[in-house]
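Reader: Hi! I'm new to this one, could you walk me through it?
Author: Happy to, let's bring it up.

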There are 2 protein chains.
Amino acid sequence: MGSLAPYQRKHKVTVVGSGNWGCAIAKIVAENAASNSDLFEEKVEMWVFEENVEIPKDSPHYDPANSGPQPLTQIINRAHENVKYLPGVKLPANLHANPSLEDAVKDSTILVFNLPHQFIVKTCESIKGKILPYARGISCIKGVDVHEHGVNLFSETIGRTLGIYCGALSGANIANEVAREKWSETTVAYDPPHLDSKAPSPSGSQVNLVEFEHKDVSGNLSNVKLQALPTEFPPVDHGVLKSLFHRPYFHVRVVSDVAGVSISGALKNIVALAAGFVVGMGWGDNAKAAVMRVGLMEMVKFGDKFFGATIDQRTFTDESAGVADLITSSSAGRNFRCAKLSVERNQSIEQIEKDELNGQSLQGTLTAYEVNSFLKNQGQEDDFPLFTAVYRILKGTMQVSELPSYIER
Amino acid sequence: MGSLAPYQRKHKVTVVGSGNWGCAIAKIVAENAASNSDLFEEKVEMWVFEENVEIPKDSPHYDPANSGPQPLTQIINRAHENVKYLPGVKLPANLHANPSLEDAVKDSTILVFNLPHQFIVKTCESIKGKILPYARGISCIKGVDVHEHGVNLFSETIGRTLGIYCGALSGANIANEVAREKWSETTVAYDPPHLDSKAPSPSGSQVNLVEFEHKDVSGNLSNVKLQALPTEFPPVDHGVLKSLFHRPYFHVRVVSDVAGVSISGALKNIVALAAGFVVGMGWGDNAKAAVMRVGLMEMVKFGDKFFGATIDQRTFTDESAGVADLITSSSAGRNFRCAKLSVERNQSIEQIEKDELNGQSLQGTLTAYEVNSFLKNQGQEDDFPLFTAVYRILKGTMQVSELPSYIER
């Protein structure tokens with residue numbers, strides 16, 4: 001895999017974020033950096049939001065002589081385990097936990113973003129101008145930011161804030177299963193303007209600034225200046241990204257449709273809520289399959305109607321980030337589980353969220369509200385009856401029992 | 001629904017078969033016949049393979065004074081319940097159980113076939129020439145007959161044997177859930193040569209025989225003579241079929257792709273086996289979603305490659321008979337369950353079948369063998385790695401642990 005041409009320099013890779021999913025991805029990236037020494041520097045940095053952590057008594061890393069709170073980065077670098085967010089999973093020795101964000105991203109050509117979406121802007125702003133101007137990014141943050149007038153992709157927010165190109169990774173990936181090397185698939189989406197694959201500039205100059213008009217997924221035009229990767233590095237192309245993320249237990253397909261992958265990751269949570277509602281009613285597997293089918297069709301329609309030329313409909317039906325993630329999310333995801341419980345217990349989903357999620361919050365309900373306000377603004381509520389029904393059920397203005405006849409229209 | 005034009009005659013409908021799924025469909029058809037009196041005769045016939053049945057003691061229909069074995073048809077017509085195959089479900093009073101096949105199908109314009117596939121040919125041959133020559137059929141029999149050189153659709157077997165046109169009904173429909181009016185969806189596929197929608201022939205003749213060349217799904221040409229429906233009847237079109245099958249709890253989409261609907265109903269069982277294998281390994285929901293995604297893509301590819309012009313790929317990705325049935329079958333279906341158990345218990349699937357299925361047999365294993373012999377004959381095993389892996393796992397020449405790397409190629 002990767003390029004056959006010899007390059008003078010290798011990619012330095014940094015993972016920004018170190019939660020459950022952050023560590024699972026960092027583990028993969030570090031394993032691949034070690035085994036693809038032609039492409040990547042062996043040492044992979046992982047930025048860890050520093051906190052003092054007590055190692056639990058049942059952990060093999062517990063030391064009675066040193067049982068007080070210790071900085072999480074020190075524990076990770078000594079024990080090669082994130083005892084707080086991914087206990088029981090051995091992290092590669094070449095993965096270095098770094099409490100300094102600025103130090104972690106310095107000199108890295110590939111930045112992998114994997115942190116809760118509410119921290120994206122602040123995190124990116126704090127490293128603006130402190131990264132390599134020709135770095136490339138991959139966002140592992142699920143979903144999109146939908147507002148009344150359009151959709152923002154997290155990858156675009158990252159790219160715009162940092163002045164770099166950023167792709168996305170999304171798929172049917174429950175973090176704990178991936179971390180335990182249970183086989184799964186994912187989708188990496190990457191489609192930069194054609195800079196990196198260009199022939200070396202005749203001058204050999206490392207600064208190769210290209211200004212181009214960028215149309216975002218909502219159709220807004222902006223001027224973006226992207227700096228080409230120096231030719232000393234292997235180009236960051238689909239092959240290199242596959243080398244960075246693909247493992248025997250984590251199969252990667254690389255596509256170009258960043259918007260489709262991201263939108264799919266958001267919309268499937270609305271469908272998972274609907275699946276939870278009908279299963280909570282005791283309607284069984286036929287009904288669940290029916291809302292999933294209708295939901296998949298509304299996902300395709302949403303993509304086609306609002307982002308027709310920008311995205312590829314097959315992302316929804318063919319890719320891990322589409323239909324497979326929809327299937328996983330509607331079986332084991334927290335949106336599905338909470339929606340099911342809310343019907344079974346006849347309680348609001350906010351109540352269930354409070355009782356069941358340990359302070360974490362549901363992505364699907366937020367997305368359902370955001371997507372509804374967008375659809376309403378477009379005068380399109382009626383064309384997306386399942387999305388609209390989920391919103392109304394959440395609002396309490398529709399009963400789950402009304403769902404079948406409502407989506408029949 | 002249905003046509004606005006007034007017609008002198010109504011359709012008489014007969015359901016051929018009265019098992020679990022046969023009774024669930026007969027219930028729907030009889031309910032719709034009663035509520036669409038402009039289109040259908042109220043009384044619906046159901047052919048029942050007569051047997052003597054003892055009513056179980058815990059049944060509300062048990063009568064201590066009359067507890068010996070009684071003919072099943074008499075029980076159904078008296079108690080409006082098939083106490084043997086669909087206990088606990090009330091059948092409509094206008095559904096008439098008939099032990100005589102010949103009498104049940106006589107004068108019927110619409111024949112709904114719903115019986116185990118091994119009885120199709122014999123059953124059809126016994127009523128050949130004894131039905132209305134202009135009758136139309138709908139096959140509710142899941143799957144297809146795959147052999148080394150091609151595929152036979154059950155609907156085509158029925159149509160050819162009887163000299164009539166026959167469509168198909170298939171979807172994410174677990175019979176017991178449908179019978180209990182838990183909401184689900186289905187797909188009806190119907191695409192006869194354009195006879196029935198013609199304007200009335202000027203002569204008003206009831207015999208309007210049209211001979212045409214018919215190309216079956218395997219590309220074989222044959223001459224077929226179809227008799228047009230007399231113009232006294234409402235044309236059997238998509239609207240009339242929707243009136244016959246659609247219920248508030250059973251949502252119908254009518255399409256034209258009979259072959260796609262039928263092939264989908266067969267291939268999804270191979271995928272369900274694969275899903276059962278990986279879940280049996282303890283690999284979890286990501287892995288299950290991954291095989292389902294890969295399986296869906298192989299279904300689409302199978303359709304495209306071997307029946308390109310004949311079928312519509314969207315049947316697999318968009319319809320209840322496609323993706324939704326795949327989802328249901330890979331969650332609750334018996335192929336999934338038996339495959340899962342065979343891995344968990346480290347026993348052959350034949351052993352599990354014997355222990356768990358009460359003498360019934362798995363459709364998926366048969367289909368996996370048949371599809372493999374077809375693929376082998378076409379030199380295409382390698383292009384369908386998931387289908388091939390399932391066959392090899394069943395044969396014992398591949399381990400489930402080899403599946404991910406095998407389908408990666």
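**A contact point to start from**

Author: Leaving aside its neighbours within four places in sequence, Thr328(B) touches Asp285(A), Asn286(A), Ala289(A), Ala172(B), Ile174(B) and Gly333(B), where contact means heavy atoms within 4.5 Å. This is a predicted model, in which local features need pLDDT of at least 70 and side-chain atom pairs count only at pLDDT 80 or more, while totals for chains, interfaces and linings use all residues; side-chain values use heavy atoms, with hydrogens and water left out. Residues are numbered from 1 along each chain as its sequence is written, and chains are lettered from A and ligands numbered from 1 in the order in which they are written.

Reader: Is Thr328(B) buried or exposed?
Author: Thr328(B) is buried, at a relative accessible area of 4%. Buried means under 20% relative accessible area, exposed over 50%, and partly exposed in between (1.4 Å probe, protein chains only).

Reader: Thanks! Which helix is Thr328(B) in?
Author: Thr328(B) belongs to helix H11 of chain B, residues 320–329. Helices (H or I, at least four residues) and strands (E, at least two) are DSSP runs, numbered from the N terminus.

Reader: New topic: what is the strand order in the open sheet of chain B?
Author: The eight strands go S5-S2-S1-S6-S7-S10-S11-S14, with mixed pairing. Two strands pair if DSSP finds at least two bridges between them.

Reader: And which strands stand at the edges?
Author: Strand S5 (95–98) and strand S14 (250–255) of chain B do; each has a single partner strand, so one side of each is left without a neighbour in the sheet. Neighbouring strands of this sheet are turned by 25° against each other on average, direction ignored. Axes here are lines fitted to C-alpha atoms, for helices over the stretch in contact, and angles run from 0 to 180 degrees between N-to-C directions.

Reader: How many bridges join S11(B) to S14(B)?
Author: Six, and the two strands run parallel. One of the pairs is Ser184(B) with Phe250(B) in S14(B).

Reader: Over to chain A, then. What covers the faces of strand S6?
Author: I can tell you which residues sit there: Ile110(A) and Val112(A) are on one side, Leu111(A) and Phe113(A) on the other, and all are buried.

Reader: What about the partners of Phe113(A)?
Author: Val16(A) stands opposite Phe113(A), and Phe113(A) also stands opposite Ser139(A) in S7(A). Four bridges join S1(A) to S6(A) in parallel, and S6(A) pairs with S7(A) over four bridges, also parallel.
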